[in-house]
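Thanks for coming, everyone. Let me put the model up and walk you through some of its side-chain contacts.

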Amino acid sequence: MLITPSTNNKITLLLLLLLTSHHVIVGSISSYSRNDTYPIYTSLDPHTFLNTRERLRLQDYILDTDWNEWFGFSISPFAQNANRTTIPQTAFPGDVTPVTPFCQSDLVEETCLGNINGRWSMIGLLFGNTPGCCPLPSVLQTAKDCLFPDFIGKGPLTDPLFIDKMEKIGFFDVSMKYRKRGVRFDFKGQLSHDFGVSFNTGLADICQTISFENRGATTGAVSPQNINGCRTVDTCTLNETLMNNLKNVAAEICLDITKFHKFSIEDLRGGIYWRHPYAINLNRDSWESFLLIPFVHIEASIPLGKKRDFHQFAALSFGNNDHFALGGSTGLNILFFETIEIGAEFGYTHFFSRDVCRYPMPTSCFQSGIYPFCTSVNIQPGDNWHFGLKMNAYHFLGDLSFYFQYILVEHQEDHIRLKVCDPAFVPHKLELLSNWKSQLANIGFNYDISPNISLGFLWQTPLPSIRTYRTTTVMLSFNAVY
C-alpha cells in the first residue's frame, strides 16, 4: 500500500499577479505586519495541495469513488489576542555621546506591547535640532525652558546623561491590548496534474486599546531627582509640563493616542504552485516504501485594506502595512506509508517600496517611542526569510488528522529615505528598530465528516521572538473539496 501526497498546487506568476489573493497552504510568504507575521487561512495541513486522494491511491487504498480533487475551499472564523512583546535590552553608553542613544545587547526582556520600539522618553522630545524653520511645539518649548533654564538660547540639548539609563524618570510604559476577530477564505484549484492555484483573503475587525504608566511615579516624591548619579531634574516640573500633560503634548505634535478600532478587508493574496510525488522503494519488500514530494510555491499580495494612519499610535494595517509583496517558498515532504509525514520549507518575501506623507521621525538619537516632528519619506521594507518544519499524521485516530508546524520568520532592516533632505531628522534611528524575528507553532486538527467535507481547529501560539506581538490565534475551519 502506498501513499503519495500528489500535490496539485502551483500557479503561474502571471496568474498570480493578475488574480492576487491568498494562498492555500499556511502562508508561502510571510507578512510585514508585526502583529500577524505568518498569517494562517485554514486549519488544513499547510502542504495538502489537493492531493489527498492521489496519496491514497498510491497507498493502494480502496476508494469509494474515482474522482480527483479539482477544487477546494475553506471558511475559517478566527480570533487573535496579544498584550505583550519581547525587546532587546539596552546598555547605556556612558559619558560618550553615541551615534544611537542605547546599544542593543544580546539580552531580551518581555514588556508592554506599546514598548515594541522602546519606552516613551518624554525628556527625549526636547533633544535635537528642529527641522527647517519649524520651531519646537510651544508646549515642548515651555517644558524645555522650565526644566533646563541654563540651556535657553544655547541650542539643542545633547547631553545623554539627562536620559535616565534605568528608563524610569521621564519615561512612560505604554500598555496596549490587541484584539482581532474575523473570517478568512481560502480557495484552491488544480490547473493540471502537478500545477495548481491558490487564493486567500479575509474580513477582520481590529481593536487596540492604549494606556500609559509614568515609570517615574514609583521612584518617590522627592524633587529634584537624581539621574544617572550626576544630573538632576525637577520632577515636579517634569510631571507638570510633560508627564501629566501628555494629551496636550500629543495634540500639539498631531499624535492620536486614543483607541484604534476598525473593520476592513484584509490583503488579497494569490499564488501558483507545483508539486509532484515520487514513490520510492515500491514493490521492494525488504525496504520501507515512502514518497518524496518536492514543491514550489510563488505568491503575491495586494493591499486592499484600509490604510494605516501613522498619526494614530495604536493604528495597525490589515496586511503588509499597505505594501505590495512578492515571494515564494520551496520545500520537501517525506511521507512514510505506514506512519507519518515530515517536511521542511524555506521561503523569501520581498516588499515593494512606497511613499508615506507626514511620517513621524526622530530628530535626535535620544528620542524613543514618541517623536516631535514628521516628514515625507520613502520606505523600502527589508526582506523576509522564513524556515519551517512540519509533521503530519493523516487519520491517526479514525477520521481525525493532526499536524504540527514550526515557523521562523526574520525581517531585515528597512531603508527609510527622506523625500526632502533635512539634517535635523535621524531616519537611521528607525531603521535600527525595524528588524524583527518571530517564531511560531501551528497545531491543527481536522475531522472528516464525509469524503468531501472536514471540520478543523487550529491554534497558533508564539515562541520566543524579538520586536513582534506575542500573538495567539485560534481558528475554526469548514473545509470542502470537490
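Before anything else, "buried" here means under 20% relative accessible area, with exposed over 50% and partly exposed in between, using a 1.4 Å probe and protein chains only. This is a predicted model, so local features need pLDDT of at least 70 and side-chain atom pairs count only at pLDDT 80 or more, while totals for chains, interfaces and linings use all residues. Residues are numbered from 1 along each chain as its sequence is written, and side-chain values use heavy atoms, leaving out hydrogens and water.

Okay, salt bridges: a side-chain nitrogen of Lys or Arg within 4 Å of a carboxyl oxygen of Asp or Glu. Searching the whole structure turns up 17 of them.

Take Lys180 and Glu266, whose closest N and O atoms are 2.8 Å apart. Are these two buried or exposed? Lys180 has 3% relative accessibility, so it counts as buried, and Glu266, also at 3%, counts as buried.

Next, Lys390 bridges to Glu341, with the closest N and O atoms 3.1 Å apart. Here Lys390 is buried at 4%, and Glu341 is buried at 0%. There's also a network, where bridges with shared partners join Glu109, Arg119, Glu167, Asp173 and Arg215.

Arg354 and Asp322 meet in a salt bridge too, at 3.4 Å from N to O. Both Arg354 and Asp322 are buried.

Last, a charge over a ring: NZ of Lys or CZ of Arg within 6 Å of the ring centre and within 35 degrees of the ring normal. Arg184 has its charged end over the ring of Tyr41, 4.9 Å from the centre. Arg231 lies over the face of Phe162, at 5.9 Å from the ring centre.
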